[in-house]
Amino acid sequence: MHENIANIENSKRAKKKEHANQSRENRNMAMMMPPRLNPTDSASGPKQHQTWSPYDNNGGTCVAIAGADYCVIAADTRMSTGFSILTRDHSKIFVISETCALASSGFQADISALQKNLDARHQTYQHQHGKQMSCPAMAQLLSNTLYYKRFFPYYAFNVLGGLDDQGKGCVYSYDAVGSYERVGYAAQGSGMQLIMPVLDNQLKSASPLVLPKRETATPLTEAEAVDLVKDTFASAAERDIYTGDGVEIVTINARGIQKQYMELKKD
Amino acid sequence: MFRNQYDTDVTTWSPAGRLHQVEYAMEAVKQGSAAIGLRSKTHVVLATVNKASSELLSHQKKLFKIDNHIGIAMAGLTADGRVLSRYMRSECINHNFIYESPLPVGRLVVKVADKAQVCTQRSWKRPYGVGLLVAGTDETGPHLYQNCPSGNYFEYQAFAIGSRSQAAKTYLERKYETFMECTKEQLIRHALFAVKESLQEEELTSSNCGLAIVGIDDKFEILDQKKLQAYIDSLEDATKEEPAPADEEPAHVEEAAALLTRESSGGVEIPADGDGPAPMET
């Protein structure tokens, strides 16, 4: 019996040794052969076709301007993909509460999901607190919701506009993962680079170094702000192919929420 | 109800085939202050008796909005009711998120009933001690349901639960045949009369009752004190005009009779108050 056990132990040891020898041999062999190239290495030739992306950019532009007692939120109604138009009549503005509206451009599926998410959270808030969320509270909620998906973001570029707790206009501008700031005016989307300089020219002081510091609310009247928005969209539609068809303008003030629509160039 | 050796656990059957803990839970509902519900072709009204145990105390909330098309009135352990209402709200929001349409009332009632049944079959849980009157509208019209701690649910034309609900039920039994054709205002008045019956000696004011209404075209709304007081004041005028409404509407009796046979299992029956077979078996 002891013999058998000894034999088993010996054979085990022998197998181990053999295995070790074999590995050493393999390693030696590997070192002698030339290293295998990865097919995606830059040195390996022409780039291969892009794989599937979970995102798409449906274009569009959003703008918001905060006034002393109003807020104007506007977005164009064109939805595109690539160089094609999907529809000329899609709203990018979501009115969340009596004092708050969200305009988003980017990937429409993510935008719809984000809107539904916020709506559900707002309903729960209303049940628990017996009142609607204030705009600053919604701003924080939106930021948290976006950061929650930090590692698979909502492809949505948001502008939140409404009235704060004192009834003054407020606008919040976001990036895709929830970094946000309260500003006097904001633009996001494909026409942002065309519109922002115009708004800076009209609504900001000549130099940021001029004191006293300007308030975050523009001194323009509501009608003037709406006209400015219409002008900026008409201009952006001239040069940005993803902006056009129409602009939906939502105004929030003490009287409530008013909506208007202006046609834009269809090309 | 006697204490006996089979009532310690909810998971212990008695030799008579009853779960006493569940029956005791339903007893808790009967101890709570009254909640009343009634329905017409277009609206459902919920009314509650709000008893404050001292003047310093504010009234307990017994009416809850669940969604724009559903609301509840509760009787019994209102804390349990609050938890159930949070569950119901969550279910409505989730359904709306997925299907972009309101959750039908009957479906929600079944979910609550199933949740209540779980507590009658786990040794580490206790049954919910609250009865709910669920009022809501969906594609098939307005509905009124009752949810019991036993996990049963019933649909009603009109019903009342809680203490001194028998008085309200008697009133409802007398008048229910006219409810289907009632206008919103008439229905509210009937509800307030029923609450009056439950209050018996006390005077009906906007501080000892609550009222909520939901309709096919009306979102669920809990009336604020001003509106409620206005309706209560209008009751005084109504009592002067009203002869015997039953005589005025003979045509409706036949329709009501047809309704009665359909809903006789749940309609205006008087559930056994502790005597006879266990209520959960009906």
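## Two sheets in chain B

Strand S6 (residues 141-147) of chain B pairs with S7(B) in the antiparallel sense, over three bridges. Two strands count as paired if DSSP finds at least two bridges between them. Strands (E, at least two residues) and helices (H or I, at least four) are DSSP runs, numbered from the N terminus. B:Tyr145 stands opposite B:Glu155 in S7(B).

This is a predicted model: local features need pLDDT of at least 70, side-chain atom pairs count only at pLDDT 80 or more, and totals for chains, interfaces and linings use all residues. Residues are numbered from 1 along each chain as its sequence is written, chains are lettered from A and ligands numbered from 1 in the order written, and side-chain values use heavy atoms, without hydrogens and water.

S6(B) and S7(B) belong to an open, antiparallel sheet of five strands, ordered S3-S4-S5-S6-S7 (chain B). Strand S3 (63-67) and strand S7 (153-155) of chain B each have a single partner strand, so one side of each lacks a neighbour in the sheet. Neighbouring strands here are turned by 25° against each other on average, direction ignored.

Another open sheet has five strands in the order S8-S1-S2-S9-S10 (chain B), again with antiparallel pairing. Its edges are strand S8 (158-161) and strand S10 (221-222) of chain B. Contact means heavy atoms within 4.5 Å. Angles run from 0 to 180 degrees between N-to-C directions of lines fitted to C-alpha atoms, for helices over the stretch in contact.

| Helix (chain B) | Strands touched or crossed (chain B) | Angle |
|---|---|---|
| H4 (residues 165-175) | S1 (35-39), S8 | about 170° with S8(B) |
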